[in-house]
Amino acid sequence: MTSLSAVNKALVQEFYDYIQKEDYVEAAKLCHKDFIFYTQLDTPIKGVDGFVASEKKNFDAFSEFKFTVEHIFSEDDKVAVFMIFDGYHSSPVMNVQPKGNRVRFSLMMLLIIKDGLIIEKRAHFDNADILKQLTI
């Protein structure tokens with residue numbers, strides 16, 4: 001018998017695999033109809049369409065981007081993920097014109113699962129570090 005933690009971890013890993021492939025349609029299918037995305041503590045984006053638009057806008061600014069899941073932990077309905085983002089700044093983002101800089105940073109994600117789908121995603125990363133890498 002597969003544990004709930006294992007099922008939830010597999011769901012989140014599949015979600016990030018689709019994002020890595022830039023297959024937002026399939027990633028969105030793993031999200032609950034009441035999905036909400038927090039890009040930082042109190043900045044909600046409601047709905048899967050808003051999430052996809054936000055992710056696409058950000059990732060389109062980086063060519064050859066990779067999302068590497070380093071660690072993934074699950075307890076009950078919560079899944080925590082430590083990731084590394086790596087890519088080359090290839091189009092405007094954060095009001096910065098591209099210089100082709102390599103940008104590499106870590107992220108912590110907390111995802112909540114409801115009815116077998118991701119209902120909430122909270123992202124935590126250092127904007128100042130990203131901006132510094134963009135403007136070097």
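Author: The model is predicted. Start with one residue. Tyr16 has a relative accessible area of 2%.

Reader: What makes Tyr16 buried?

Author: Buried means under 20% relative accessible area. Tyr16 has 2%, so Tyr16 is buried.

Reader: Which ring does Tyr16 pair with, and why is the pair called edge-to-face?

Author: The partner is Phe67. Their centres lie 5.7 Å apart, and pairing needs centres within 6.5 Å. The planes are at 75 degrees, and over 60 counts as edge-to-face, so the label holds.

Reader: Where do Tyr16 and Phe67 sit in the chain?

Author: Tyr16 is in helix α1 (residues 4-20) and Phe67 in strand β3 (residues 62-75). The two are 51 residues apart, and the pair links distant parts of the chain.

Reader: Is Phe67 buried or exposed?

Author: Phe67 has 10% relative accessibility; the cut-off is under 20%, so Phe67 is buried.

Reader: Why is the pair of Phe67 and Phe85 edge-to-face?

Author: The planes are at 85 degrees, over 60, so the pair is edge-to-face. The ring centres are 5.8 Å apart. Phe85 lies in strand β4 (residues 78-89), so this pair ties strand β3 to a part 18 residues apart in sequence. Phe85 is buried too, at 1% relative accessibility.

Reader: How many aromatic pairs does the structure hold?

Author: There are 14. Ring pairs link a cluster that includes Tyr16, Phe67, Phe85, Phe105 and Phe125.

Reader: How do you know that the charge of Arg122 sits over the ring of Tyr38?

Author: The charged end of Arg122 is 3.7 Å from the ring centre of Tyr38 and sits over that ring. The distance limit is within 6 Å.

Definitions and conventions:
Residues numbered from 1 in each chain as written. Predicted model: local features only at pLDDT ≥ 70, side-chain atom pairs only at ≥ 80, totals over all residues. Heavy atoms only, no water. Phe/Tyr/Trp six-rings, centres within 6.5 Å; stacked < 30°, edge-to-face > 60°. Helix = DSSP H or I, 4+ residues; strand = E, 2+ residues; numbered from the N terminus. Buried < 20%, exposed > 50% of the residue type's maximum accessible area, 1.4 Å probe, protein only. Lys NZ or Arg CZ within 6 Å of the ring centre and 35° of its normal.
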